[in-house]
Amino acid sequence: MSVELAPYDPKNLHLPEEDLLRSGHLACPGCGAALGMRLALKALGPKTIVVIPACCWAVINGPYPFHALGVPVLQVAFETAAVSAAGIRAALAVQGRDDVAVLAWAGDGGTFDIGFQALSGAVERNDDIIYVCYDNEAYMNTGIQRSSATPFGAWTTTTPEPNVKPEPKKNIVEILAEHRIPYAATASIAFPEDFVRKLQKARSIKGTKFIHLWISCPAGHKSEERLTVHIARLAVETGVFPLYEVEFGTHYTLNYEPSFLDVQEYLQLQGRFRHLNEEDVNFVRQSIAWEWQRLRAKIAMGAGLPAPPAPPRRLTPATF
Amino acid sequence: MATGLRLEDLTYVPFSERPTTAIKTGTWKYVEPVYQNALPPCAGACPAGNDISYALLLLAQGRVMEAARWWRQRNPIPATLGRVCPHPCERPCNREALGGAIAVHMVERFLGDVEGDVVPQPAPRSGKKVAVVGSGPAGLAAAYNLRLAGHQVCVFDDKPAPGGYLRTGIPEYRLPRQVLDREVGLIAHLGVEFRQRVRVGREVGFDELRRVYDAVVVAVGFHKSRSLGIPGEDHPQVYNGVKLLERLLAGERPPLPSRMVVVGGGNTAMDVARSLWRVGVEPVVVYRRTREEMPAIASEVEEALAEGIPFQFLAAPVRVVVEEGRIVGLECQRMELGEPDASGRRRPVPVPGSEFVVPCGGVVTALGEVVDLEGLPGELAKGDARQCTPLEGVFLAGDMLDGAGTVTAAVGSGIRVAAVVHAYLTGQGLPQVAPAVQELWPRPLERQRLVEWGKLNTVYFRAVPRPPIHHLPPELRRGDFAEVVQGWSVAEVLGEARRCLACGTCNECCNCLYFCPDVAIHRADGGFSIDREHCKGCGICVQECPRSALILREVTR
């Protein structure tokens, strides 16, 4: 019996099959950062050099003499991820190689706070690197201290109850967009195809690319290990973490229209938000609505702008 | 120092090159994921225990013959069941909220109609002989499964052709005869012997049967009709519904009054009314409760209404009105619904002084049937949980055991009794209770874990509408017994199989593979394997499995 029908494809996700992350790494069970790295290397492939500053991943990669990635890794000082990656790019240029992606892979502490000036400098020089900030919203590796990526109301060891963090999270993508970065995007481990596509797009662009990857952290968020992907999805679906990309710093594209579930669905699964009362949650709801108004206004503004003029010549750091 | 410095001289530069796979992070875990297929709601509700989700998975992959063979592993008459079953499997279907329940009956019907090598091979001959009394659905299922188990099976039946009530009581517009004939033929081809026109207790003694055969399965069903118990009932134009239906379905066209009242609200009443309508009689259905309480299959009632057959609800017959030897009407009394009775339905209570006459030339009774044990031992009146009777080596199946009243339940009962008889014949000892049909599946499955809606991860599912089912227009139905419900094309059936969520059955969607932060899940022959040396037991795979085909269990060391 023959039938004309599309081939059966039960897959929910279509991702590159090759894995460059190895088992046996030292991430906690249910670690979103490990999943993020797995997906990043699926997207970028073996011709990648990874630069890791002090962050969870400096530990996850394994103790000496072990190494969890099937690609070269340089572990560098806390504040130097972007500039070290730029240095590697320069060295590759000296060797005449332009087929290797240089990935700076830093946590939110090493991006929002400690590594920020180096990142800002690299973006200003338009160094040809991909910078991924895997954001678990606190210094998780050193014991859950607040960072400027920690959201309003979150418990950390340095913002203990009842003095939980009163400030909202820093908007890192907008800050980098204001640098006129060629490409900046947000991504989530719960949307792997979107993340992989963004990395592959980043690889195809010359200049500095920045991806803000939201990940859950069972240890620091006080959430169940099995819910890592589920919570990351809720962060998107509740509107807490929009998925969008920015080109030339001005052209915003929304990649996923969330269903705007009530944020309580997201908050209640994480012990770090357990103490929030109804008033606090209402503030979070209002903040989400306000941020979305801003984002939609930016999308509308970018849609009315032409692409910026291309410079007459571009000196890349490779021209020594 | 700075001159002539080479990288290889820098022996103090820490340089890691051994893969972390040497680190056995699997020792960290206290729970671990295990692939475990579980019971989908459809199969949990199927009285015949069809392994619906696995067959649909095979179909979705385009493996039509394998799916057809899978469906016939235990069930001998899928083409029949797909047409006549009230499909209780579709009621709890998790697809309901996402475009409508899977049309399992249409798929079953299609798979049943698949021609070719669809019947499994019987086991080697055991040398044991089994007699099955009754060739209805329970008898057919018992005979089929006992024959597949390697036993020699002979079916005794008093009618001219096998099928029991399927042949004498289900009209061709629901079940075309060539469909039934083919399925009976497949069973006969397997080596089951059919002895027709032999009534056990008349042509053959029951004790003789017990002497000659190692085991006897009795599945004679319900054929004796209840009577009305009202004046005028013995008039020749008051017909027994079951007997009249049998004559009509055998092709007889006796002279009948042009307008007849059918009394009853069950499937027989619907079949009688719709058959009478087809041979040119104007039937009126009289039922003492309302449509909600009717025991008939809801779709049969809908079809009867579509054909324009009038119903008198809340009316109970009190007298057949006879004038000059001819029936002129049926006097009825209005009823109203009172308190619920033992069946859970509200009891009809007569309204005094509300008598009225439904004009008619004849009356057909369809008030339900009971077992007829004429010529058979009284011990057969009741079976136990093992489907055994007090008589050694005599077993029961079908309506006479449980009175479940559907073909599907009878098939399930036949499948179960075959397992009990097989255990008896092979000296394994009788089980405490007859096994549930799902226990007899040829694939491992956790039967206690029912995959209800809450166990699914529904973010991976999108709503897809159920395709329409085409019915013969009512204006084309009168005058003959052409099949009303039209079958689906192979493309429609495969599309429907792909709509199935495969609750509790891994369809290799790869979510577990892609979401593992520890790269501890790998493709293995026909599925996935878990690298227990490195799995940390986070449970993301279990959580992100859309269909609950994985569980977390405690690690025992």
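B:Glu193 is partly exposed, at 34% relative accessibility. Buried means under 20% relative accessible area, exposed over 50%, and partly exposed in between (1.4 Å probe, protein chains only). B:Arg195 is also partly exposed, at 34%. These two residues form a salt bridge.

This is a predicted model: local features need pLDDT of at least 70, side-chain atom pairs count only at pLDDT 80 or more, and totals for chains, interfaces and linings use all residues. Side-chain values use heavy atoms, without hydrogens and water.

**Salt bridges**

A salt bridge puts a side-chain nitrogen of Lys or Arg within 4 Å of a carboxyl oxygen of Asp or Glu. The structure holds 60 of them over all chains.

| A:Arg197 | A:Asp194 | 3.6 Å |

A:Arg197 and A:Asp194 share helix 7 (residues 192-204) of chain A, three residues apart, about one turn of the helix. Helices are DSSP runs of H or I with at least four residues; strands are E runs of at least two, and both are numbered from the N terminus. A:Asp194 is buried, at 13%. A:Arg197 is partly exposed, at 34%.

B:Glu331 is buried, at 16%, whereas B:Arg319 is partly exposed, at 36%.

**Domains**

Chain B is divided into domain 1 (20-37 + 507-554), domain 2 (38-117 + 445-499), domain 3 (129-223 + 371-435) and domain 4 (227-367). These bounds come from an automatic or database domain assignment. Taken over C-alpha atoms, the centres of domain 1 and domain 4 of chain B are 61 Å apart.

Technical notes. Residues are numbered from 1 along each chain as its sequence is written. Chains are lettered from A and ligands numbered from 1 in the order in which they are written.
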